[in-house]
Amino acid sequence: MYLEADRRLRKNREVGFASRSTMTSDGSRPQMEHDEAELIMEDGRVYRNPTEVKMSQIVLPCHANHRKELSVGQLLKWMDSTACLSAERHAGCPCVTASVDDIHFERTIGVGQVVNIRAKVNRAFNTSMEVGIVASCEDLYSNSHWKVCQAFATFVARSTGTEKVQLKQLVPRTHREQVEYSVAAERRRMRLIHIDTMKDLLNSTSFQSSTSEGVDEGQDEEKEVPAERTRVESVELVLPPHANHQVSTFGGQIMAWMENVATIAASRLCNAHPTLRTIDMFYFRGPSQVGDRLILKAIVNNTFKNSMEVGVCAEAYQGEEPLRHINSAFMTFEVLDEEGSPRPLPPIRPEPKDGKRRYQEAIARKKIRLDRKYIISCKYTEMPLSVPWDTTNQVYLSYNNIFALKMLAARNKWVLSSKKNNVKLYTLEENQTLSFRVEAEVKVPAARAFLLLSDLSRRPEWDKHYKQCELIVPVDEDDQIYRVLTPSVSEGGRVQDFILLASRRPPCDNGDPYVVALRSVTLPTHPPTDDINRGEVFCAGFTIYEVSESVSKINYYNQTNPGVLPYIAPDIAGLSSSFCSTFLSCNKFLLENRTGPSVISNAAL
């Protein structure tokens, strides 16, 4: 029964192996690997994103540090300038940097090599827009390329008057633009709750007890370095070369100055030259202009085994006016040995009161940083099937859940396998995985269909594969965790259960779909049992588009794995059409419940 599906999987593994062999001479992937085929417009010209801006700079000794590598501060200035020009192309007026997401520096750039920076607007909201930035390095002698870092910056349009500038909407043209456009809404949502996530973690009783024990017990006092020893304070006068055409200080220039004092603070801790690895998400709290004096302060907040966190604060003033808080940032440094491996660092002795607060907050940021890097920054195809869930990583698991489904839905190589009663079954073979998609239109308003399908507790009413569905953790209005019990595929076999995180999102703007995403998580309160097979769902869910006020188009996606494949293999192999009967049952369920509220109340949870 499963021979056809297995054949497709074997074939896809061979294709995946061949695709992984494309490398440059130094073993890195080519710079343009993810570029799409050129889009030819009606007039014969090759399409280029109208907001895209490119910058190429050769690294000179004046741009480098003691290791003859491009200083991160200089790189940040170039990245900010490129992104600002891209934002202004779309807005048609001056723009300022509002925030920058986490930046992870993967590789370094040496003197004589070329930095290629590309920036384009991914999505415009009401008065702000997200700009995606990619910095890569080019070695002119070996003709090799490698990625250095990627960043997402938020820019705000700024007019000469006091009124806010209403931005025009961006229309994505290519497949890649559509993907970034879709995911940008989820990234924006995460930025807006970033500060609350930090506060929730710091207020957690378990976190407070664990960090207070670490501060009280301390480490070897003889090896501890007093935090006060690492304190740095420096002043900069903002001159015209540091400002843009609005006479406001370049955000990239402020970041470069902050990186400079942070590097000095890190060097004082270890008596060595550190390497900057990560800059946490940060916000510009206020503007700075030509003539301002910027006071930059830095101190090591905490040290971990092979890394340290440095906190930096930038304040501005003119004349006798009080200090204005411009920006705060947190940077993670490592010290590399001769072989390029991180070396152990001495522990820090925090100062009383504020020092202990910064010490504890650094631990919280490390927790959040690891969650963001592990769950968000890595490709969703690189994640294990089930990730442990807790309240501290919920925000990022929810993001990845939505992101994975949107990425799967955005794939453009879906193949129509069968069609019956206007229900279509598509398959996709990619990255050594087999995915399927079921599509049909229903005469139910999209908002109502979203409400019904996002409530998994009602899915047994129409899906025979859901024998029982129990809500076990009502996380919040947008996320719930369910335990699903499914019957055995083979006669006499054991039933399966799944622990699923269900994340739902209404449209961010006109044309966006309703999204219900599902993925497996693990809970200590619900471990696997011997009498039931624990199944796992990697990526599944619904996208619901509004066709008209009374009609919606529903797509169901599932990225298969050995636990899911037996349920769908007969349909993929053409030996069954159970997908059609399941979707017709779903249609009947939706029609019978088409009247009612179209919003989810907190009481329902």
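Modeller: A crossing of two helices counts as right-handed if the near helix is turned clockwise from the far one by less than a right angle, and as left-handed if anticlockwise. This model is predicted, and H2 passes H6 in a right-handed crossing.

Biologist: What makes H2 and H6 roughly antiparallel to each other?

Modeller: Helix H2 (residues 72–91) and helix H6 (residues 251–270) pack at an angle of about 170 degrees, with their axes 8 Å apart. Angles over 145 degrees count as roughly antiparallel, and H2 and H6 are therefore roughly antiparallel.

Biologist: Which residues of H2 and H6 meet?

Modeller: From H2 come Val72, Gly73, Leu76, Lys77 and Asp80, and from H6 come Gly251, Gly252, Gln253, Met255, Ala256 and Glu259. By class, this contact of H2 with H6 has 4 nonpolar, 4 polar and 3 charged residues.

Biologist: What else does H2 lie across?

Modeller: H2 lies across S1, strand S2 (95–100), S4, S5 and strand S6 (144–157), and runs at about 35 degrees to S4.

Biologist: How are those strands arranged, and in what order?

Modeller: They belong to an open sheet of 6 strands in the order S1-S4-S5-S6-S2-S10, with antiparallel pairing.

Biologist: Why do strand S1 and strand S10 stand at the edges?

Modeller: Strand S1 (53–58) and strand S10 (282–283) each have a single partner strand, so one side of each is left without a neighbour in the sheet.

Biologist: How do you know that S4 and S5 pair?

Modeller: Two strands pair if there are at least two bridges between them. Strand S4 (residues 114–124) and strand S5 (residues 128–139) have 10 bridges, in the antiparallel sense. Alanine 119 stands opposite isoleucine 133 in S5.

Biologist: At what angle do H3 and H8 cross?

Modeller: The axes of helix H3 (residues 175–192) and helix H8 (residues 394–410) come within 10 Å and cross at roughly 165 degrees. The cut-off is again 145 degrees, and H3 and H8 are therefore roughly antiparallel. Among the residues making the contact are Val179, Val183 and Met190 of H3 and Tyr399, Ile402 and Phe403 of H8. The contact of H3 with H8 has 10 nonpolar, 3 polar and 4 charged residues.

Biologist: Where is the pLDDT below 50?

Modeller: The protein averages a pLDDT of 84, and 82% of the residues score at least 70. Residues 1–35 have a pLDDT below 50, and pLDDT stays under 50 over residues 378–383 too. Where pLDDT is low, the predicted coordinates should not be read in detail.

Technical notes. Residues are numbered from 1 along each chain as its sequence is written. This is a predicted model: local features need pLDDT of at least 70, side-chain atom pairs count only at pLDDT 80 or more; totals for chains, interfaces and linings use all residues. Side-chain values use heavy atoms; hydrogens and water are left out. Axes are lines fitted to C-alpha atoms, for helices over the stretch in contact, and angles run from 0 to 180 degrees between N-to-C directions. Helices (H or I, at least four residues) and strands (E, at least two) are DSSP runs, numbered from the N terminus. Angles under 35 degrees count as roughly parallel, over 145 as roughly antiparallel, 65 to 115 as roughly perpendicular and the rest as oblique. Contact means heavy atoms within 4.5 Å. Ala, Val, Leu, Ile, Met, Phe, Trp, Tyr, Cys and Pro count as nonpolar, Asp, Glu, Lys and Arg as charged, and the others, Gly among them, as polar. pLDDT is the predictor's confidence in each residue, from 0 to 100.
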